[in-house]
Amino acid sequence: MTDTLSTAGIPMRWVGPLRISGNVATTETRVPIATYESPLWPSVGRGAKVSMLAERGIAATLVDERMTRSVLVEATDAQTAFTAARTINARAEELRALVRTCSRFAELIGIRHEITANLLFIRFEFATGDASGHNMATLASDVLLKHLLRTVPGISYGSISGNYCTDKKATAINGILGRGKNVVTELLVPREVVDGVLHTSAARVVELNIRKNLLGTLLAGGIRSANAHFANMLLGFYLATGQDAANIVEGSQGVTMAEDRDGDLYFSCTLPNLIVGTVGNGKGLDFVETNLDRLGCRAEREPGQNARRLAVIAAATVLCGELSLLAAQTNPGELMRTHVRLERDHTTAKDEV
């Protein structure tokens with residue numbers, strides 16, 4: 001039996017619209033979510049409705065972006081590793097010039113290192129234009145590694161990837177330094193909307209966020225993360241827009257914050273590891289092309305701008321689902337009643353184009 005390329009069909013719906021403002025995009029847009037968990041569509045839809053009832057909508061601020069790849073070299077001893085690390089840092093401009101020879105869009109923007117015994121882990125950080133940048137960063141790192149092995153005394157090859165990147169794993173370093181797009185989303189929900197649409201109060205949401213997301217995650221040993229279900233929205237959005245779905249592992253790291261502001265609810269989700277792109281692998285499928293176009297992420301813009309737009313839309317989608325779920329969980333029985341009702345209604349599983 002020969003392998004043939006085919007496409008796995010996952011139910012997808014467009015929900016919204018949701019309102020976004022901020023330093024990347026000011027827009028109102030519906031968003032595609034591909035998922036088998038049918039209650040996710042109306043849940044995100046409720047959060048989107050709330051965003052349309054807030055004056056600024058969801059304020060999404062992109063605060064950083066970088067794709068990383070860490071290489072591993074072996075030195076003769078720790079002192080040699082330390083000397084090599086200092087040499088590499090001193091030659092940053094030379095290494096930046098070398099990266100420009102292997103890619104039109106890759107730009108070396110940072111170098112960090114860690115030494116353990118006689119092993120030197122070097123974390124290269126790149127800007128990658130509109131691509132998520134996995135392959136671009138690996139290609140550039142491969143060129144850099146070969147150059148360093150030829151020109152830096154006392155080191156030898158260890159691995160093209162030393163797990164100090166860190167790719168598709170939940171780690172403290174990604175939560176601290178970021179990998180991909182770092183986006184902070186904020187929403188100020190008027191008291192009457194909290195009551196009338198979310199059927200709760202700001203005080204109850206704040207209390208649940210502290211006890212569940214902050215304290216509960218702490219007790220569970222969470223890594224740089226305190227949220228209810230970022231991964232749900234990210235996976236649905238990633239599948240609908242041609243992203244590498246495994247990146248929800250680090251992508252779902254993030255922190256939910258809530259404040260009671262005289263009855264109004266301030267709600268924020270910080271996502272430091274959003275790995276998205278509008279070009280590259282996974283983007284050639286017809287439905288992906290259509291979805292990216294409908295999201296306004298195929299326009300003629302400066303390199304990187306379409307991917308930034310996609311990132312803030314993804315982050316806003318996460319906030320919508322996070323807000324709706326936490327509101328539901330402040331009310332006894334609401335979450336399970338909704339799941340049972342929606343998952344038994346087979347019409348919710350039909351695709352929407």
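In which kind of crossing, left-handed or right-handed, does H8 pass H11? The points below take up this matter and others.

1. Basis of the note. The model is predicted, so local features require pLDDT of at least 70 and side-chain atom pairs count only at pLDDT 80 or more, while totals for chains, interfaces and linings use all residues. Residues are numbered from 1 along each chain as its sequence is written, and side-chain values use heavy atoms, with hydrogens and water left out.

2. Helix H8 against helix H11. H8 passes H11 in a right-handed crossing; a crossing is right-handed if the near helix is turned clockwise from the far one by less than a right angle, and left-handed if anticlockwise. Helix H8 covers residues 230-240, and its axis lies 8 Å from that of H11 at an angle of about 135°. Axes are lines fitted to C-alpha atoms, for helices over the stretch in contact, and angles run from 0 to 180 degrees between N-to-C directions. Helices (H or I, at least four residues) and strands (E, at least two) are DSSP runs numbered from the N terminus. The two helices H8 and H11 are therefore oblique to each other, given that angles under 35 degrees count as roughly parallel, over 145 as roughly antiparallel, 65 to 115 as roughly perpendicular and the rest as oblique.

3. Residues between H8 and H11. On the H8 side, Phe230, Met233, Leu234 and Phe237 meet Leu310, Ile313, Ala314, Thr317, Val318, Gly321 and Glu322 of H11, where contact means heavy atoms within 4.5 Å. By class, the contact of H8 with H11 has eight nonpolar, two polar and one charged residues. Here Ala, Val, Leu, Ile, Met, Phe, Trp, Tyr, Cys and Pro count as nonpolar, Asp, Glu, Lys and Arg as charged, and the others, Gly among them, as polar.

4. Helix H1 against helix H11. Helix H1 (residues 40-52) packs on H11 (residues 305-329) at about 105°, and their axes are 7 Å apart. H1 and H11 are therefore roughly perpendicular to each other. From H1 the contact takes Ser43, Val44, Arg46, Gly47, Ala48 and Val50, and from H11 it takes residues including Thr317, Cys320, Gly321 and Leu323. Eight nonpolar, five polar and one charged residues make up the contact of H1 with H11.

5. Helix H7 against helix H11. The axes of H7 and H11 cross at roughly 100° and come within 9 Å, which makes H7 roughly perpendicular to H11. Val205, Leu208, Asn209, Lys212 and Asn213 of H7 make the contact with Glu322, Leu326, Ala327 and Gln329 of H11. The contact of H7 with H11 divides into four nonpolar, three polar and two charged residues.

6. Asn213. This residue is found in helix H7 (residues 202-220). Asn213 is buried, with a relative accessible area of 1%; buried means under 20% relative accessible area, exposed over 50%, and partly exposed in between (1.4 Å probe, protein chains only). Asn213 touches Leu208, Ala226, Asn227, Ala228, Thr256, Glu322 and Leu326, leaving aside residues up to four places away in sequence. Asn227 is 14 residues from Asn213 in sequence, and their C-alpha atoms are 5.0 Å apart.

7. The largest nonpolar core. A nonpolar core is a set of buried Ala, Val, Leu, Ile, Met, Phe, Trp, Tyr and Cys residues joined through side-chain atoms within 4.5 Å. The largest such core has 88 residues, of which Ile122, Phe124, Leu265 and Phe267 touch the most other members. H11 supplies the largest share of this core, 13 residues. Residues touched by Phe124 include Met67, Val71, Leu108, Ile111, Leu144 and Leu148, not counting those up to four places away in sequence.

8. Backbone features to note. Most residues other than glycine have a negative phi, and most peptide bonds are trans. The peptide bond from Gly16 to Pro17 is cis, with omega near 10°, and Pro17 is placed in strand E1. Another cis peptide bond joins Cys165 and Thr166, with omega about -5°; Thr166 is in the loop between strand E6 (155-159) and helix H5 (172-177). Asn163, in the loop between E6 and H5, has a positive phi near 65° and is partly exposed at a relative accessible area of 48%. Arg224, in the loop between H7 and H8, has a positive phi of about 50° and counts as partly exposed at 44% relative accessibility.
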